[in-house]
Amino acid sequence: MKGCLFDLDGLLLDTEPLHGAAWRAAVESFGGSVEDATLLQMRGRNRQDCARLLVEHCQLPIHAEALIAAQQPIARGQLGRAAPMDGAPELLAHCRRGGLAMALATSSSRESLALKLASHSWLGVITARITGDHPDLPRGKPAPDIFLLAAAALALPAEDCWAFEDSPTGCRAAVAAGCRVVVLMAPGAREDDYPGASHLVRYLSEIPALLRTDR
């Protein structure tokens with residue numbers, strides 16, 4: 001394996017609780033409510049798909065664009081304080097020392113990504129970045145397109161890349177792209193939520209050993 005393709009939210013940065021709180025507040029502003037299980041289903045998806053899912057599931061009397069307009073200011077006020085996931089800076093440092101090419105494959109928009117990266121200089125080692133609003137991205141996760149684009153940005157076939165994910169949606173996308181997939185299991189998720197994954201881990205600190213022994 002020559003490349004590493006990283007999800008961002010819930011894998012490298014602990015943003016998922018912040019995203020979830022922002023979506024919940026937006027839904028409640030229109031008189032609805034959302035369960036934790038529904039927020040879990042949204043992990044890994046782009047904002048448009050999340051908004052459409054919530055409007056339908058919560059039976060909100062609005063269009064998805066209105067929900068996004070309510071959610072985004074809340075999220076922007078919170079995302080800058082997201083902490084690194086335990087072991088994330090060390091994992092990137094390990095990959096860099098090993099000479100592995102690295103790319104982000106994140107459903108976040110370019111604007112949202114900039115907010116998240118502003119206080120995390122350690123993420124600057126990943127210069128190839130495919131976002132959910134990339135002009136060449138026809139479909140978001142769980143389609144494989146974002147991982148195929150990320151691999152292409154490294155001039156590698158997806159089959160020569162590890163993909164690191166935390167969401168069932170992202171896992172499906174990476175498996176479909178042909179990557180070897182390592183999943184950091186999300187809280188509340190089950191092993192059978194991640195069909196096709198090569199490895200399931202509970203902690204990022206488990207991954208360097210996999211990279212050394214399973215090439």
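A cavity is a set of points, on a 1 Å grid over the protein atoms alone, where a 1.4 Å probe fits but cannot get out, and its lining residues have an atom within 4 Å of a point. This is a predicted model, in which local features need pLDDT of at least 70 and side-chain atom pairs count only at pLDDT 80 or more, while totals for chains, interfaces and linings use all residues. Residues are numbered from 1 along each chain as its sequence is written, and side-chain values use heavy atoms, with hydrogens and water left out.

The protein has 9 helices and 6 strands, counted as DSSP runs of at least four residues (H or I) for helices and at least two (E) for strands, numbered from the N terminus. Of its 215 residues, 52% are buried, that is, under 20% relative accessible area with a 1.4 Å probe and protein chains only.

Within helix 3, which covers residues 47-57, the buried residues are Cys 50, Ala 51, Leu 53, Leu 54 and Val 55, and their cover includes helix 1 (16-29), helix 2 (36-42) and helix 4 (64-79). At the start of this helix, a side-chain oxygen of Asn 46 comes to within 3.2 Å of the backbone nitrogen of Gln 48, and after the helix comes Gln 59, with a positive phi near 55°.

Asn 46 also belongs to the lining of the largest cavity, together with Gly 44, Arg 45, Ser 107, Gly 132, Leu 137, Gly 140, Lys 141 and Ile 146. By class, this lining has 2 nonpolar, 5 polar and 2 charged residues, where Gly counts as polar.

Notes:
1 Å grid on protein atoms, 1.4 Å probe; cavity = no way out; pocket = protein on both sides within 12 Å on 5 of 7 lines; lining within 4 Å. Buried < 20%, exposed > 50% of the residue type's maximum accessible area, 1.4 Å probe, protein only. Contact = heavy atoms within 4.5 Å. Polar contact = N/O pair within 3.5 Å; in protein donor to acceptor, adjacent residues only side chain to side chain.
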